[in-house]
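Hi everyone, thanks for coming.

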Amino acid sequence: MPVETAVVSGDPAKAIVDYAAEGEFDAVAMGTHGRRGLSRLVFGSVARYVLRHAARPVLTARETDADPVTDYDDVLVPTDGSDAAEAAVDHGLAVAEAFDATVHAVHVVDLGSMATRTGVEPPTRQLERLTEAGEAAVEAVAERARDEGLDAVTAVEEGFPAADLLDYVDEAGVDLVAMGTHGRTGLDRVLLGSTTERVVSRSPVPVLAVRPDSG
């Protein structure tokens, strides 16, 4: 395949973001560790900055003992049904279509978030309402996948999003996670401290992180 190379000077993180913005690139692919130390996590590193600032989707991969991924047979697409998550769904389905992969549409009802909510709605009713919304969200993704001729499965879990999504990756043999950097917590919330941050830092498989405004 055609290859272009470039060597630029300056702060690595900013230089990568600027270079990606200036060129006609569809995505940025990079590791979460580098010469600054294999024991150093992505956050506080070049990759962290790129994840937070790049206008393009960012595909990150962490060094693990697992065999390198050569094919994507199972693609996990977490969703909360928000418009902000829709861009990640688009990209996840595109990858799945390219590899004829099974799409796993998953929603996790955040019990931690429920505990901090205020209001008069009984917890049981609140859980039922959030579960119903999650079921509608995953079914919408699955329907889109099936319309593209792809196999799709859905799951709605109750717990803590990052931990449960990582458990799902292991249990379902997922090869790639495609997820948004924002969700119902608000478009003004940055990646840092979010579910996406935790998944990227711990996932044994590549993660495609997509901003709502990604091209």
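Let's start with K14, which is partly exposed at 44% relative accessibility; that label covers values between buried, under 20% relative accessible area, and exposed, over 50%, using a 1.4 Å probe and protein chains only. Its partner is D18, and their side chains meet in a salt bridge with N and O 2.9 Å apart. By salt bridge I mean a side-chain nitrogen of Lys or Arg within 4 Å of a carboxyl oxygen of Asp or Glu. Helices here are DSSP runs of H or I with at least four residues, numbered from the N terminus.

A word on the source: this is a predicted model, where local features need pLDDT of at least 70, side-chain atom pairs count only at pLDDT 80 or more, and totals for chains, interfaces and linings use all residues. Residues are numbered from 1 along each chain as its sequence is written, and side-chain values use heavy atoms, leaving out hydrogens and water. The predictor's confidence in each residue, pLDDT, runs from 0 to 100, and this chain averages 85.

With D90 the distance is 2.6 Å. That pair ties together parts 54 residues apart in sequence, since R144 lies in α5 and D90 in α3.

Terms used. Helix = DSSP H or I, 4+ residues; strand = E, 2+ residues; numbered from the N terminus.
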